[in-house]
Amino acid sequence: MSDVENDWFGPEAATFGDRVAGAREAAGMTQAQLARRLGVKRSTVCAWEEDVSEPRANKLSMMAGLLNVSIMWLLTGEGDGMTAPADELAEDGQELKPLVAEMRALQSDMRVMAERAGRLEKRLRALMEREQA
């Protein structure tokens, strides 16, 4: 596999929330435990992991320290962070490889559709602005 295919937490494969959840789980913490250590509500950590909201800089810095990853890795997937989970599917997990490949293909399709929806929305807004003028 190429480096991109092995980069589980990189920008092409994962979101900020995915990286937070992965690093939190690798650190052996629950959402409630991380929230308590950061001085926020569990629902706040949940919102970060679901990419509904993002932490302020001070919480991001604290979180990176608690999870033993760099701020840059949390934000972009690049830099000091985590590698693929447990040696990316050991031999006894061979049946999982096709599912992972399918998931990655689906994520790629979703990115393409999101970009297409963004272009369509931009065109609609432009037309609506012209109508209102």
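**Close-up views of a helical chain**

Eight of the 11 residues of helix 2 are buried, so helix 2 is largely enclosed by the rest of the structure. Buried means under 20% relative accessible area, exposed means over 50%, and partly exposed lies in between (1.4 Å probe, protein chains only). This is a predicted model, in which local features need pLDDT of at least 70 and side-chain atom pairs count only at pLDDT 80 or more, while totals for chains, interfaces and linings use all residues. Residues are numbered from 1 along each chain as its sequence is written, and side-chain values use heavy atoms, with hydrogens and water left out.

**View 1. The whole chain is built from helices.** The chain has seven helices and zero strands. Helices (H or I, at least four residues) and strands (E, at least two) are DSSP runs, numbered from the N terminus. Of the 133 residues of the chain, 27% count as buried. Among contacts between residues at least 6 apart in sequence, 55% join residues at least 24 apart; contact means heavy atoms within 4.5 Å.

**View 2. Here we look at helix 2 and its cover.** The buried residues of helix 2 are F16, G17, R19, V20, A21, G22, A23 and R24. What covers them includes helix 3, helix 4, helix 5 and helix 6. Take A23 as an example: it counts as buried at 1% relative accessibility. A23 and A64 are 41 residues apart in sequence, and their C-alpha atoms are 9.0 Å apart in space. Just after helix 2, G28 takes a positive phi of about 75°.

**View 3. R24 is a buried residue of helix 2.** R24 lies in helix 2 and has a relative accessible area of 8%, so it is buried. Which residues is R24 in contact with, leaving aside its neighbours within four places in sequence? They are M29, T30, Q31, L34, E49 and L67.

**View 4. Helix 2 meets helix 5.** Two packed helices are described by the angle between their axes and the distance between the axes. The axes of helix 2 and helix 5 come within 9 Å and cross at roughly 40°. Axes are lines fitted to C-alpha atoms, for helices over the stretch in contact, and angles run from 0 to 180 degrees between N-to-C directions. Helix 2 and helix 5 are therefore oblique to each other. Angles under 35 degrees count as roughly parallel, over 145 as roughly antiparallel, 65 to 115 as roughly perpendicular and the rest as oblique. The crossing of helix 2 and helix 5 is left-handed; a crossing is left-handed if the near helix is turned anticlockwise from the far one by less than a right angle, and right-handed if clockwise. F16, V20, A23 and R24 of helix 2 make the contact with L60, M63 and L67 of helix 5. By class, this contact has six nonpolar, no polar and one charged residues. Here Ala, Val, Leu, Ile, Met, Phe, Trp, Tyr, Cys and Pro count as nonpolar, Asp, Glu, Lys and Arg as charged, and the others, Gly among them, as polar.

**View 5. Helix 3 meets helix 5.** Helix 3 (residues 31–38) and helix 5 (residues 57–67) pack at an angle of about 125°, with their axes 10 Å apart. These two helices are therefore oblique to each other, and their crossing is right-handed. The contact is made by L34, R37 and L38 of helix 3 and K59, M62, M63, L66 and L67 of helix 5. By class, there are six nonpolar, no polar and two charged residues in this contact.

View 6. A nonpolar core is a set of buried Ala, Val, Leu, Ile, Met, Phe, Trp, Tyr and Cys residues joined through side-chain atoms within 4.5 Å. The largest one has 16 residues, of which F16, L34, W48, M63, L67, V69 and L74 touch the most other members. Helix 2, helix 3, helix 4, helix 5 and helix 6 (71–76) each supply at least two residues of this core. Helix 5 gives the most, with four residues.

View 7. In helix 4 (residues 42–49), the residues V45, C46, A47, W48 and E49 are buried. Their cover includes helix 2 (16–26), helix 3 and helix 5. D51 lies in the loop between helix 4 and helix 5. Its phi is near 60°, a positive value in a residue other than glycine. With a relative accessible area of 39%, D51 is partly exposed.

**View 8. N68 sits in another loop.** N68 is found between helix 5 and helix 6. Although N68 is not a glycine, it has a positive phi of about 60°. Is N68 buried or exposed? N68 is exposed, with a relative accessible area of 68%.
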